[in-house]
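Please study the sequence and the model shown here before reading the briefing that follows.

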Amino acid sequence: MDDLFPLISFEGLRMFKYFSLIFLFTISPNIYSQTISQKFDAAMVAYHNEQYAQSNRLFEEFFSDYKIVDEVFATAKYYSAESLLKLGRKDEAAIGFEYLTRTFYWSNYRDKALYNLGLIYYNAGKFEHSRNRLKLLLNDYPESDFYGSSLYWIGESYSAENKPKEAIQFLEEAVADKRNKKYADYTIYTLANAYENIGEYTNCLLYTSDAADERSSVDLGGRRIIKKKKNERKKKNKINKK
């Protein structure tokens, strides 16, 4: 299938799978009751209309009737957890995503669930938990659309724990990964700060200059501050030599 459709993205495959599920409901009345299919459809419509409370309620009703553990069930589990996340109920959402990632290894939504878990745990200050989920994504889904962004957030988590050397390893890779478009600006700036923290001002200036010259969203003052610190370090070294 990869040879036939080389340009189809992970997200495109997810949407194809979703519409295939709808088609399956439609043509298989002897397997799926109309009531169940209507609940699934209504829950998905509510989600896409940003009616997340209604979406989550309809998915819960769907789970009470639908007992087959298959891609339909896994898809519902994912969007149920997404609805909770959109409602700000992050702990409950994490439980749903954890269930999906540990139970449905074959699900098309598992990489996205792992990514969401990484962000939930990062925002909660649970950096090791965040890295564990994101590293699992890197290992299991090297072609995922979330690969580059996962590298960035792993680097950020190490940076938040004041571990610049560990952060640099992942941030360097994130800079080179073209899938990290969303966080490209932040990656370069965080990488420059990491080099500054270990005293490697040449690399620091390299990345800060790139950020200042090429990325309009990065503070131009950052380069001047780092140059100042570099000069201070040179003066200190001259004094020590005397």
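Asn162 is exposed, with a relative accessible area of 59%; exposed means over 50% relative accessible area, buried means under 20%, and partly exposed lies in between (1.4 Å probe, protein chains only). Asn162 sits in the loop between helix 8 and helix 9, and its phi is positive, about 60°, although it is not a glycine. The model is a predicted one, in which local features need pLDDT of at least 70 and side-chain atom pairs count only at pLDDT 80 or more, while totals for chains, interfaces and linings use all residues. Residues are numbered from 1 along each chain as its sequence is written, and side-chain values use heavy atoms, with hydrogens and water left out.

**Backbone angles in loops**

- Most residues other than glycine have a negative phi, and most peptide bonds are trans.
- Glu50 also has a positive phi, of about 65°, although it is not a glycine.
- Glu50 belongs to the loop between helix 2 (34-48) and helix 3, and it counts as exposed at 56% relative accessibility.

**The chain as a whole**

- The protein chain contains 12 helices and zero strands; helices (H or I, at least four residues) and strands (E, at least two) are DSSP runs, numbered from the N terminus.
- Of the 242 residues in the protein chain, 46% are buried.
- Contacts are defined by heavy atoms within 4.5 Å. Among the contacts in the protein chain with a separation of 6 or more, 52% are between residues 24 or more positions apart.
- The protein chain exposes about 13,700 Å², of which carbon and sulfur atoms supply 51%; accessible areas come from the Shrake-Rupley method with a 1.4 Å probe, and for residues only the protein chains shown count as cover.

- Helix 3 (residues 52-65) has 14 residues and reaches 20 Å from its first C-alpha to its last, close to the 20 Å expected at 1.5 Å a residue. The expected span is 1.5 Å times one less than the number of residues in the helix.
- Which residues of helix 3 are buried? They are Tyr52, Ser55, Asn56, Leu58, Phe59, Phe62 and Phe63.
- These residues cover an arc of only 165° around the axis, which puts them on the same side of helix 3; the arc is that of the directions from the helix axis to the C-beta atoms.
- An α-helix has 3.6 residues a turn, so residues three or four places apart point the same way.
- Helix 9 (residues 164-176) has 13 residues, which should span 18 Å at 1.5 Å a residue; its end C-alpha atoms are 18 Å apart, which agrees.
- In helix 9, the buried residues are Pro164, Ala167, Ile168, Phe170, Leu171 and Ala174. Their cover includes helix 7 (127-140), helix 8 (147-160) and helix 10 (184-197).

**Salt bridges**

- Side chains of opposite charge can pair when their charged atoms come close.
- The whole structure has nine salt bridges; in each, a side-chain nitrogen of Lys or Arg lies within 4 Å of a carboxyl oxygen of Asp or Glu.
- Glu161 and Arg131 form a salt bridge through their side chains (3.0 Å, N to O). This pair links distant parts of the chain, 30 residues apart: Glu161 is in the loop between helix 8 and helix 9, and Arg131 is in helix 7.
- Glu161 counts as partly exposed at 28% relative accessibility, whereas Arg131 is buried at 7%.
- Lys163 also forms a salt bridge with Glu161, with the closest N and O atoms 3.5 Å apart. Lys163 is partly exposed, at 33% relative accessibility.
- Glu98 and Arg102 are joined by a salt bridge between their side chains (3.4 Å, N to O). They are four residues apart in helix 5 and therefore separated by about one helical turn.
- Is Glu98 buried or exposed? Glu98 is buried, with a relative accessible area of 8%, while Arg102 is exposed, at 55%.

**A buried serine and a surface patch**

- Ser150, in helix 8, counts as buried at 0% relative accessibility.
- Leaving aside residues up to four places away in sequence, Ser150 touches Tyr115, Leu134, Leu137 and Leu138.
- On the surface, Val69, Tyr105 and Trp106 form a nonpolar patch with about 360 Å² of accessible area together. Patches are made of residues with over 30% relative accessible area and no salt bridge; like charges are joined within 9 Å, and nonpolar side chains (Val, Leu, Ile, Met, Phe, Trp, Tyr) within 5 Å.
- Tyr105 lies in the loop between helix 5 (90-103) and helix 6 (110-123), and it is exposed, with a relative accessible area of 53%.
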